[in-house]
Amino acid sequence: MSTAVKPTGRVAVVNRGDGDYVAAQGMKVSPRISAATGADRLCAFYVSLEAGAETAAHHHSNEETVVLVLEGSNKLWFGDNLEEMVEVHTGDLVFIPARCPHKVVAGPRGVTALEIRSGAMEVTVLTP
């Protein structure tokens, strides 16, 4: 990961580098704050999906997740069998409990969001 970190005492400022990657669930992830930048109990990063793209069904182990939709929209399928669905749009803030299976389907303009999790590493567990 070539994300530049500028430590200022106990604070880290992370500038966008070229360390973007596609995570296990299929979303593009832009690394930001994590154990690599000195965080002990959380991570935060941008995620995005192109129009109509979808992630694999997954959960995030013991991590709680908060997602702020910055641009676009998506359908969020969730529950043990992905039987429930909510639509989220620009400006919506979403909470996903730890171990909650979910899947994202991007809207017609795609979706970009800021994702914050309660663990210091990006943990994704694919579900059947």
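Leaving aside its neighbours within four places in sequence, which residues is histidine 58 in contact with? Before the answer, a caution: this is a predicted model. The contacts of histidine 58 are Gln25, Cys100, Pro101, His102, Thr124, Val125, Leu126 and Thr127, again with neighbours within four places in sequence set aside.

Histidine 58 itself sits in strand β6. With a relative accessibility of 2%, histidine 58 counts as buried, because the cut-off for buried is under 20%. A polar atom of the histidine 58 side chain lies 2.7 Å from the backbone oxygen of alanine 56. The side chain of histidine 58 also makes a polar contact, at 3.4 Å, with the side chain of histidine 60.

That takes us to histidine 60, which is in the loop between β6, residues 58-59, and β7. Is histidine 60 buried or exposed? Its relative accessibility is 3%, so histidine 60 counts as buried. Once neighbours within four places in sequence are left out, histidine 60 has contacts with Gln25, Thr65, His102, Glu115, Arg117, Val123 and Thr124. If you want a distance for orientation, take proline 101: 41 residues from histidine 60 along the chain, with 8.1 Å between the two C-alpha atoms.

Next along is serine 61, in the loop between β6 and β7. Serine 61 is not a glycine, yet its phi is positive, at about 50°. At 24% relative accessibility, serine 61 counts as partly exposed. There is another residue of this kind in the loop between β9 and β10, namely arginine 99. Arginine 99 has a phi near 65°, a positive value in a residue other than glycine.

Now the inside of the model. Which residues of the largest nonpolar core touch the most other members? They are Val47, Leu49 and Val94, in a core of 18 residues. At least two residues of this core come from each of β5 (43-49), β7, β9 and β10. As general background, nonpolar side chains in soluble globular proteins tend to be buried together. Taking valine 47 by itself, and not counting residues up to four places away in sequence, it touches Met27, Lys28, Val29, Val111, Thr112, Ala113 and Glu115.

The largest cavity holds about 190 Å³ of space. Two or more residues of its lining come from each of β7 (65-78), β9 (93-96) and β10 (102-117). The largest share is from β10, which gives six residues. In total 19 residues line the largest cavity, and those nearest its centre are Met27, Val67, Ile96, Val104 and Glu115. By type, the lining has 11 nonpolar residues, six polar and two charged.

Serine 30 is in strand β4, residues 28-33. Serine 30 has 4% relative accessibility and therefore counts as buried. What is the length of the polar contact that joins the side chains of serine 30 and aspartate 20? The length is 3.0 Å. Not counting residues up to four places away in sequence, serine 30 touches Arg16, Asp20, Phe45 and Tyr46.

Glycine 52 is in the loop between β5 and β6. Its relative accessibility is 52%, so glycine 52 counts as exposed, the cut-off being over 50%. With neighbours within four places in sequence left aside, glycine 52 is in contact with Val105, Ala106 and Gly107. From glycine 52 to proline 128 is 76 residues in sequence and 21 Å in space, C-alpha to C-alpha.

Last, leucine 126, in strand β11, residues 125-126. Leucine 126 has 49% relative accessibility, so it counts as partly exposed. Residues up to four places away in sequence not counted, leucine 126 touches Ala24, Gln25, Ala56, Ala57 and His58. The C-alpha atoms of leucine 126 and valine 66 are separated by 19 Å, and the two residues are 60 apart along the chain. The contact with His58 brings us back to the opening question, where Leu126 was among the contacts of histidine 58.

Note on methods: Residues numbered from 1 in each chain as written. Predicted model: local features only at pLDDT ≥ 70, side-chain atom pairs only at ≥ 80, totals over all residues. Heavy atoms only, no water. 1 Å grid on protein atoms, 1.4 Å probe; cavity = no way out; pocket = protein on both sides within 12 Å on 5 of 7 lines; lining within 4 Å. Points joined across faces, edges and corners; volume = space filled by probe spheres on them. Helix = DSSP H or I, 4+ residues; strand = E, 2+ residues; numbered from the N terminus. Nonpolar A, V, L, I, M, F, W, Y, C, P; charged D, E, K, R; others polar. Buried < 20%, exposed > 50% of the residue type's maximum accessible area, 1.4 Å probe, protein only. Contact = heavy atoms within 4.5 Å. Polar contact = N/O pair within 3.5 Å; in protein donor to acceptor, adjacent residues only side chain to side chain. Core = buried A, V, L, I, M, F, W, Y, C linked by side-chain atoms within 4.5 Å.
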